[in-house]
There are 2 protein chains.
Amino acid sequence: MARSWLDIDPSSDFSLANIPFGIISTPDDPSPHVGIAIGTYVLDLKVLADGIGGWNLLPYGGHESNPKVFAQPTLNAFAQLGRAVHRHVRERIQDLLSENTTHPDLLKNNAELREKALVPQQRVQMHLPMAIGDYTDFYAGYHHAYAVGVMFRGPQNALQPNYTHLPVGYHGRASSIVVSGTPVRRPVGQILLDPKADPKQPTVAPSRRLDIELELGCFITKSNPLSQPVGIDEAEEHVFGYVLLNDWSARDIQTWEYVPLGPFNGKNFATTISPWVVLADALEPFRAKGIENPTPVQGYLKEKRGETVYDIQLEVDLTTPEGNTTTVTKTSGKNLMWSFPQMIAHHTLGGCPLRPGDLLGSGTISGPVPEQSGSLLELSEGGKREIQLNGGNETRTFLKDGDTVTLRGFCVGKEGERVGFGECTGRVQG
Amino acid sequence: MARSWLDIDPSSDFSLANIPFGIISTPDDPSPHVGIAIGTYVLDLKVLADGIGGWNLLPYGGHESNPKVFAQPTLNAFAQLGRAVHRHVRERIQDLLSENTTHPDLLKNNAELREKALVPQQRVQMHLPMAIGDYTDFYAGYHHAYAVGVMFRGPQNALQPNYTHLPVGYHGRASSIVVSGTPVRRPVGQILLDPKADPKQPTVAPSRRLDIELELGCFITKSNPLSQPVGIDEAEEHVFGYVLLNDWSARDIQTWEYVPLGPFNGKNFATTISPWVVLADALEPFRAKGIENPTPVQGYLKEKRGETVYDIQLEVDLTTPEGNTTTVTKTSGKNLMWSFPQMIAHHTLGGCPLRPGDLLGSGTISGPVPEQSGSLLELSEGGKREIQLNGGNETRTFLKDGDTVTLRGFCVGKEGERVGFGECTGRVQG
């Protein structure tokens, strides 16, 4: 892997091998527009595209035909250009930032443009990267589905009979998806204080079982028209990139409301995503095999390649109101039984259109042992076991007001090059 | 009610008492923009607003500050102006079209503008009226929920314990909402041909149990910020207007997929809505009591007024591929146990934001007797009884390729004035 003329710490998620895209505003330009993360900097692509004149970031005279693509307040216009264009732009940026760039005059040796285009990350405000039309949340994390199933139905019936035949999913709420850093208000809802009372009598109160779900999110780049399914072999071309996703969940609200039509207010109060979209290409070197499916799948779900998910190291930190941080779980993106291409093929099988900016959640990603769980529901065994924080000085079952939850995710390549997501964080407000 | 100088048949849904808003394109102006329906005509508001010069349709110099609101390709910009503006514009249009208009020079006696602005409906193409951010489908039709519950769980457990405590709902798919007239492709999906086989083995095939659901749709006009619930007394101010909604459903796909997270591909292949949005004000004279809830509801769901739903006469026609039409059901909008303000208050209780253009579905509206059912599932008793068509010459349990389904809905006032939705129609393609 080439080195950059910028000083990038080896522990940075934003190496030259990454180049994730996001929506930024800067002190010089407060209107949201496009940038990429590199080391501790943001490279402002609106400034760069203007500053490098005739040498186009976009292929095929693309800057002339799409002069405003990097000035947009969302990545949707860029996403819609398709994966070949994303690849081209990422490679051009990698070249510009490389020690041995083929065009040193453009940025490396151009002090004036460097000064304007490279902004320290702490001076940049991040915004929601996409205008999200529809959000779908799947349930592809096998160990999570199994563990939660055991809690509710016992080990014999932990997984529903459909689980290994299709990627189970449901439609989520797009309007309450927020960017990392946005505070999350503890939701009020109907809950059963005495689940065994007859007749059941709900109370309206703030959730007492506020939880997180550690997930990967996948943004769509290319639409399929109504009634035209996406074949499994074409599904990769519909992926723009990936983010971390925290599917905040109020377990007590969900338990009472969810029959017979699924989760609703227990989920729709907030979903947090990380601000930087890691392009599908950047994760390509980190392909891995997922959880093996014991059931032969239908043809429309059969993938040619064996390595269909990514070896992303995933972690969750819980920071108490006093500021003590504990890593409560470590797991991996390999713990999915269904891949995103399979989710796309299944989602569109009946003809449902996916549109650029639509978001798919993987479902909670847990490892095979309890300490690798992607939710407090699992870590606390349904609220029965206390999770130790801060070396045993504090405990949690579910979240307290003032707690901050931070998801992290990264891959490390053979030469140590790191491709990561940065942080996906949110603080609980009472 | 005033009479119009236009000749409007008393059987027209689009009387002077109505004035529903839609998105049209015309032979003279193929770019989608705003119009209203009146009798057999569309009044082109883009042409009208330009043609009447200084006399503003919009209040408070609104046309100057929002000069493009009627030239937009969706009603979202107009909806966002709020109910006071919608009321003002509707009243100004009613005045312009009245026999005794206070401004006869503007339209009634202005042959040139009349010729340009009034276009026969058959020359107009209708488009989806709103850009729909999120779509939520409720389950507020009591008789439907009960009848379907009896089929699955018997009369003792027909309704889940939460049913009378909260308006049960789930997030639907916005990207596959289509305007009346759009063909609906029979979805392919995983279905169990032998539900009793062990282990269960799904087949991928076109749905064999394609159904309709007769619903009302409610469009949101005013947003609530994240984490700020809408109080029940303010909820009316968040309603823009209403449409008919056909929630096409593939019962066999739904049965296999829906545990444990709710309907997905069984619903997301298409949802058809009628093109004209009937403003909330236009339905005000037709308020009625809904189904009485035997359970005292929580404070946040308590409404001050007793008449919280509308006495809308609802009908469904099924037209065979040969062109024979049978009205298969007649019911009423009164058969809801939960009102739209209650749905809004519940939806936002935990802080979920609703945005202008968001759509809420009522859930299937069925009457208390089987012939008043809003779905074929109920009319055919789960596929066991044949529905007679065309005087008994044909039968259906579920839909055949080539069938056309048409929903109609209208209210009739004391002086015979009719406020209706027009048609919500779709033809099944194989």
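This is a predicted model: local features need pLDDT of at least 70, side-chain atom pairs count only at pLDDT 80 or more; totals for chains, interfaces and linings use all residues.
Local features need pLDDT of at least 70 and side-chain atom pairs pLDDT 80 or more, while totals for chains, interfaces and linings use all residues. Residues count from 1 along each chain as its sequence is written, chains are lettered from A in the order in which they are written, and side-chain values use heavy atoms, with hydrogens and water left out.

**Entry 1, the interface.** I began with contacts (heavy atoms within 4.5 Å): 58 residues of chain B meet 58 residues of chain A. I then looked up the buried area, meaning the accessible area (1.4 Å probe) that two parts lose on being put together, summed over both. That comes to about 5,300 Å², with carbon and sulfur atoms giving 59%. On the chain B side, His171(B), Leu261(B) and Phe264(B) lose the most area to chain A, together 15% of what that side buries.

Next I looked at polar contacts, which are pairs of N or O atoms within 3.5 Å; within protein, one must be able to donate a hydrogen and the other to accept it, and residues adjacent in sequence count only if both atoms are side-chain atoms. I get 33 residue pairs in polar contact across the interface, both residues at pLDDT 80 or more. Elements here are DSSP runs, helices (H or I) of at least four residues and strands (E) of at least two, numbered from the N terminus. Those giving two or more residues to the chain B side include β6 (135–138), β7 (169–171) and α9 (340–347).

My rule is a side-chain nitrogen of Lys or Arg within 4 Å of a carboxyl oxygen of Asp or Glu. The whole structure gives 50 of these over all chains. Asp358(B) lies in the loop between α9 and β22 of chain B and Arg173(A) in the loop between β7 and β8 of chain A, so this pair joins two chains. Its N to O distance is 2.7 Å. Both Asp358(B) and Arg173(A) are buried; buried is under 20% relative accessible area, exposed over 50%, partly exposed in between (1.4 Å probe, protein chains only). Across the interface I find four salt bridges.

Asp211(A) pairs with Arg251(A), closest N and O atoms 2.9 Å apart. The two sit 40 residues apart, in strand β12 and helix α7 of chain A. Asp211(A) has a relative accessible area of 0%, and Arg251(A) 8%. I also noted Glu315(A) with Lys330(A) at 3.9 Å, linking strands β20 and β21 of chain A. A network of salt bridges takes in Arg83(A), Arg87(A), Glu236(A), Asp281(A), Glu284(A), Arg287(A) and Arg305(A).

How many residues of α9(B) are buried? Eight of the eight, so the rest of the structure largely encloses this helix. The buried residues of α9(B) pack against β6, β7, β13, β14 and β22 of chain B.

A nonpolar core is a set of buried Ala, Val, Leu, Ile, Met, Phe, Trp, Tyr and Cys residues joined through side-chain atoms within 4.5 Å. In the largest, of 75 residues, Tyr242(A), Trp248(A), Leu283(A) and Leu399(A) touch the most other members. A second, separate core has 74 residues, Ile212(B) and Val297(B) among them.
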